[in-house]
Amino acid sequence: MDHNAFFKALGAGDIAPLYLLEGTEEYIKAQALARLCQLTLPEGMEAMNLTELSNPTADELIAAAETLPFLSERRVVIVRECDALTTAKKTDDTKAEAIASYLNRQSPATCILFTVKGKADARKKLYGVLKKLARMVDFSPMGDAEAANWAMRTMRALGKRMDMPTAQKLIFNVGNDAALLKQEMEKLLSYVGERDAIADEDIDAVCVKTLECSVFQLVEAQVNGRYSEAFGLLDGILTGGEDRFMVLSMLLRQYRILYHMRCLLDDRVPQAQLPALLGIPPFAVARTQAQARRYAKERLKAAYDYLFELEYMLKSGRSPQEGSAEAALFMLDGILGGQSA
């Protein structure tokens with residue numbers, strides 16, 4: 001199950017005796033653990049009925065799981081980074097076999113949660129046992145749509161309003177990592193003060209920007225003839241530690257989108273279909289259209305082809321990375337020629 005199904009089951013009072021929590025979304029994973037403990041352990045009795053272990057021996061895990069709950073129907077044992085589930089650490093089979101043997105006769109008064117950072121190693125024997133006995137919960141990163149909905153709900157819980165286009169802009173600027181989003185939302189709370197709604201301008205003022213967002217702004221400046229701004233943005237991106245090859249990959253992606261947008265515009269494709277066809281958030285459609293309309297599709301195709309060839313040259317080692325991003329901007333100015341369609 002995914003984390004949404006996990007929270008839904010908890011809300012319905014459906015708590016299993018055994019879980020494996022895996023996936024890279026650590027913030028929501030921590031929220032899931034906290035919520036299960038809140039629902040399972042009586043208030044004031046948490047310390048008496050909760051044990052957290054980091055890569056325990058089989059004996060340590062079994063001793064904790066066999067301890068009877070105190071003034072509670074259940075106790076909770078959280079097992080973090082068990083080396084019988086991870087690739088980073090080696091373990092002998094006897095540990096996995098001992099844990100597996102116990103799990104087949106686990107105390108019904110104990111809820112055991114194995115949790116790993118990232119994905120567990122599916123080749124491990126204990127993983128196979130958990131797959132049969134436990135509820136496997138996947139905490140993969142949220143998609144853009146889910147992250148936007150999550151941001152809206154979280155902001156509402158914090159006492160502020162955020163509409164869907166603004167939430168989509170936040171995801172575009174910040175990315176979909178829940179911990180980073182929460183951090184940026186707290187910055188927004190401080191910035192807006194008593195005002196009850198979050199606006200696009202607030203995000204521009206205080207939030208960090210992903211590479212994708214920065215490159216989008218760079219291309220927007222370039223295609224609109226603001227060359228000094230474009231080079232200033234590039235300098236900021238590189239000074240911030242981004243790899244030139246990654247910047248060029250994002251430039252290639254953005255010009256591919258612009259070329260395809262121009263083709264779709266020429267074909268009069270309905271605007272409602274554009275976000276899905278281009279893989280961009282709805283709020284970015286109008287700005288991308290404005291960028292694409294400045295040039296005939298032949299020029300945009302030539303710019304895309306140039307960047308595609310440059311990426312090949314870099315990957316094959318035929319062209320050095322040093323100075324490649326800066327040279328690409330000069331070449332793109334020449335290809336586009338500053339002439340609109």
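Mentor: Buried means under 20% relative accessible area, exposed means over 50%, and partly exposed is in between, with a 1.4 Å probe and protein chains only. The model is predicted, so local features need pLDDT of at least 70 and side-chain atom pairs pLDDT 80 or more, while totals for chains, interfaces and linings use all residues. Residues are numbered from 1 along each chain as its sequence is written, and side-chain values use heavy atoms, leaving out hydrogens and water.

Trainee: How many salt bridges does a search of the whole structure find?
Mentor: The search finds 20. A salt bridge here is a side-chain nitrogen of Lys or Arg within 4 Å of a carboxyl oxygen of Asp or Glu.

Trainee: What does Arg244 pair with?
Mentor: Arg244 meets Glu326 in a salt bridge, 2.9 Å from N to O. Arg244 is in helix α13 (residues 244-266) and Glu326 in helix α17 (residues 324-336), so the pair ties together parts 82 residues apart in sequence. Helices are DSSP runs of H or I with at least four residues, strands are runs of E with at least two, and both are numbered from the N terminus.

Trainee: Is Glu326 buried or partly exposed?
Mentor: Glu326 is partly exposed, because its relative accessibility is 24%.

Trainee: And which residue does Asp266 bridge to?
Mentor: To Arg262, with the closest N and O atoms 3.2 Å apart. Asp266 is partly exposed at 37%, whereas Arg262 is buried at 15%.

Trainee: New topic. Where is Glu22?
Mentor: Glu22 is in strand β1 (residues 18-22). Glu22 counts as buried because its relative accessibility is 5%. A network of salt bridges links Glu22 with Lys119 and Asp138.

Trainee: What about pockets: which residues lie nearest the centre of the largest pocket?
Mentor: Asp144, Gln168, Ile171, Phe172 and Pro281, out of 17 lining residues. Helices α7 (144-157) and α8 each give two or more residues to that lining. A pocket is an open set of points on a 1 Å grid over the protein atoms alone, where a 1.4 Å probe fits, with protein on both sides within 12 Å along at least five of seven lines; lining residues have an atom within 4 Å of a point.

Trainee: Is Gln168 buried or exposed?
Mentor: Buried, because its relative accessibility is 17%. Gln168 sits in helix α8 (residues 164-174).
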